[in-house]
Amino acid sequence: MSRTTTHPLRAELRRGVGLPAGAATLAALLFAMYDRADGWLTGWTDTTDMLRSAGVIVGAPLAAAAACWQGGRERRRGTEELLATVSRARLRRTLLAAAPTVLWPVVGYLLTAAVCLAATWQYASDVGGPYASMLAADATAIGSLAALGFLVGRLVPWRLAPPLVALAVFSVDPYIANQDSPIAWLSPGKEHVYAWDRPVWWFGPVSMVWMAGLAAAALLAYATRRRARALALAPLAAAATAAVLIVQTGEGVWRPDPASAALVCDDGAPRVCASRTHGRMLPDASAALAGLSAKLRAIPNAPTRIVESRGDGHRARRTDATLFGWDYYFRRNRIVEPEMFAANAALDATAPPCPGVSDKERYNDLSEAVAEWLAPMPRPEPPIGQDAPGYTRALAKLKAMPDAERTRWLGGYFAAVRSCHPERVTAL
């Protein structure tokens with residue numbers, strides 16, 4: 001009878017801490033994503049960002065610590081000299097030993113991504129889709145950090161090395177990501193702001209080259225013979241080239257997607273408009289703004305649209321009232337703070353940005369009083385004569401006006417402020 005031999009890689013994948021490390025990575029990532037589900041179950045970009053953060057902050061330290069422990073296996077067993085006598089090349093032995101703690105955590109991350117993307121499907125808009133290249137880049141980053149952790153375990157004969165490696169990975173990447181410079185984009189966990197952005201086509205592949213190049217260079221420098229160590233310069237040069245490209249591009253690695261940023265509007269007056277990526281929020285947004293819309297509809301010169309602000313330098317129409325950060329008021333595309341949502345929309349409607357206002361105190365008092373009448377903040381009003389006396393006096397007079405007189409005054413107010421001439425507003 002012929003005997004079948006098990007491939008060395010298959011044997012390595014079945015033993016050691018690799019498989020438990022992958023299971024721990026999967027469990028930890030699923031828990032982290034579940035705990036923050038309300039923050040990302042809105043669209044593909046939010047899910048991608050949260051997966052990137054969880055992968056680097058939770059998954060990568062676990063993977064690197066497990067790989068570091070795996071790297072010290074032969075030293076702990078006292079089998080280093082014995083393994084050195086086998087015919088298999090040192091690079092091959094190193095790759096086989098590192099494979100379980102590199103590959104299984106990557107599998108755990110990819111399974112987490114698959115679960116989260118499946119959950120996002122019912123909440124995402126009809127534009128865009130999963131950013132597969134970014135998820136592949138994150139998986140590569142986890143595997144690369146695990147490979148580097150493995151090498152630390154090979155080189156540092158200390159049982160406390162694995163937790164220290166985990167702490168280093170946990171600390172260093174967020175430190176890079178929080179830098180106020182383009183170097184922050186070298187971090188696999190760097191988040192961006194706008195839900196209607198998409199990565200440039202090359203960002204994912206180049207990020208993979210950046211992280212994988214560092215790991216490959218370190219592995220070659222450690223595991224090849226002295227005469228062949230110059231081979232490590234090739235992946236190191238590739239990593240450096242990728243890093244330069246990312247840093248030079250900076251925030252430009254994410255760019256607005258016109259299809260996702262396009263507005264979809266209801267049929268009301270004034271019309272309520274959301275970016276297409278947040279189109280499923282529109283029914284709840286319209287309902288929350290119904291009271292504000294009814295008041296604005298009766299006022300001459302009032303805004304004709306209440307629009308989700310892009311906040312990325314895009315200029316809205318002068319007749320629009322804009323509101324940034326719709327995600328803050330919504331959970332899974334359902335509104336959770338309708339009163340605050342309406343109150344902040346009223347504040348923007350009554351106080352459009354106007355540079356060079358001469359009497360800012362009077363402008364602020366009047367705009368806040370008008371906003372409070374349009375859509376009250378969900379908090380008690382400050383007592384008359386205290387905190388902001390100009391505001392409270394203006395609000396009291398506005399409430400006491402007959403309806404027709406108040407409508408005329410508000411029409412003049414909006415005509416003045418929407419043209420950035422608040423000094424023309426008549427006194428209450």
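**Notebook: cores, contacts and salt bridges**

**Cys420.** I looked up Cys420 and found it partly exposed, with a relative accessibility of 24%; the scale runs from buried, under 20% relative accessible area, to exposed, over 50%, with partly exposed in between, for a 1.4 Å probe and protein chains only. Its phi is positive, about 60°, although Cys420 is not a glycine. Cys420 sits in the segment after α18 (403-418); helices are DSSP runs of H or I with at least four residues, strands are runs of E with at least two, and both are numbered from the N terminus.

**Ground rules.** The model is predicted, and I note that local features need pLDDT of at least 70 and side-chain atom pairs pLDDT 80 or more, whereas totals for chains, interfaces and linings use all residues. Residues are numbered from 1 along each chain as its sequence is written, and side-chain values use heavy atoms, without hydrogens or water.

**Other backbone entries.** Asn301 also has a positive phi, near 70°, and is not a glycine. I place Asn301 in the loop between α14 (290-297) and β5 (305-308); its relative accessibility of 48% makes it partly exposed. I then checked the peptide bond between Ala269 and Pro270, which is cis, with omega about -5°. Pro270 belongs to the loop between β3 (263-265) and β4 (271-275).

**Nonpolar cores.** I went to the largest nonpolar core, which has 56 residues; those touching the most other members are Met33, Trp40, Leu51, Tyr109, Phe203, Trp210 and Ile246. Among the elements that each supply at least two residues of this core are α2 (18-35), α7 (90-120), α10 (203-223) and α11 (233-249). Helix α8 gives the most, 10 residues. Another core lies apart from this one, with 45 residues, including Ile306, Tyr329, Ala375 and Phe414. A core here is a set of buried Ala, Val, Leu, Ile, Met, Phe, Trp, Tyr and Cys residues joined through side-chain atoms within 4.5 Å.

I listed the contacts (heavy atoms within 4.5 Å) of Phe203, leaving aside neighbours within four places in sequence: Arg52, Met134, Trp185, Ile246, Val253 and Trp254.

**Salt bridges.** I count six salt bridges in the structure, a salt bridge being a side-chain nitrogen of Lys or Arg within 4 Å of a carboxyl oxygen of Asp or Glu.

- Arg52 pairs with Asp138, the closest N and O atoms being 2.9 Å apart. Arg52 is in helix α4 and Asp138 in helix α8, so the bridge ties together parts 86 residues apart in sequence. Arg52 is buried at 2% relative accessibility, and Asp138 is buried at 3%.
- Asp320 pairs with Arg305, with 2.8 Å between the closest N and O atoms. Asp320 is in strand β6 (residues 320-323) and Arg305 in strand β5, so parts 15 residues apart in sequence are tied together. Asp320 is buried at 5%, as is Arg305 at 13%.
- Arg332 pairs with Asp38, the closest N and O atoms being 2.9 Å apart. This pair links distant parts of the chain, the loop between β7 and β8 for Arg332 and helix α3 for Asp38, 294 residues apart. Arg332 is partly exposed at 32%, and Asp38 is partly exposed at 37%.

**Asn333.** I looked at Asn333 in the loop between β7 (330-331) and β8 (334-335). Asn333 is buried, with 5% relative accessibility. Its side chain reaches the backbone oxygen of Tyr123 at 2.8 Å. Beyond four places in sequence, its contacts are Leu41, Thr42, Tyr123, Arg280, Met281 and Asp284.

**Thr45.** I find Thr45 in helix α4 (residues 44-71), buried at 4%. The side chains of Thr45 and Tyr131 make a polar contact of 3.2 Å, that is, a pair of N or O atoms within 3.5 Å, where within protein one must be able to donate a hydrogen and the other to accept it, and residues adjacent in sequence count only if both atoms are side-chain atoms. Contacts of Thr45 beyond four places in sequence include His192, Tyr194, Asp197 and Trp254.

**Arg92.** I noted Arg92 in helix α7, partly exposed at 44%.
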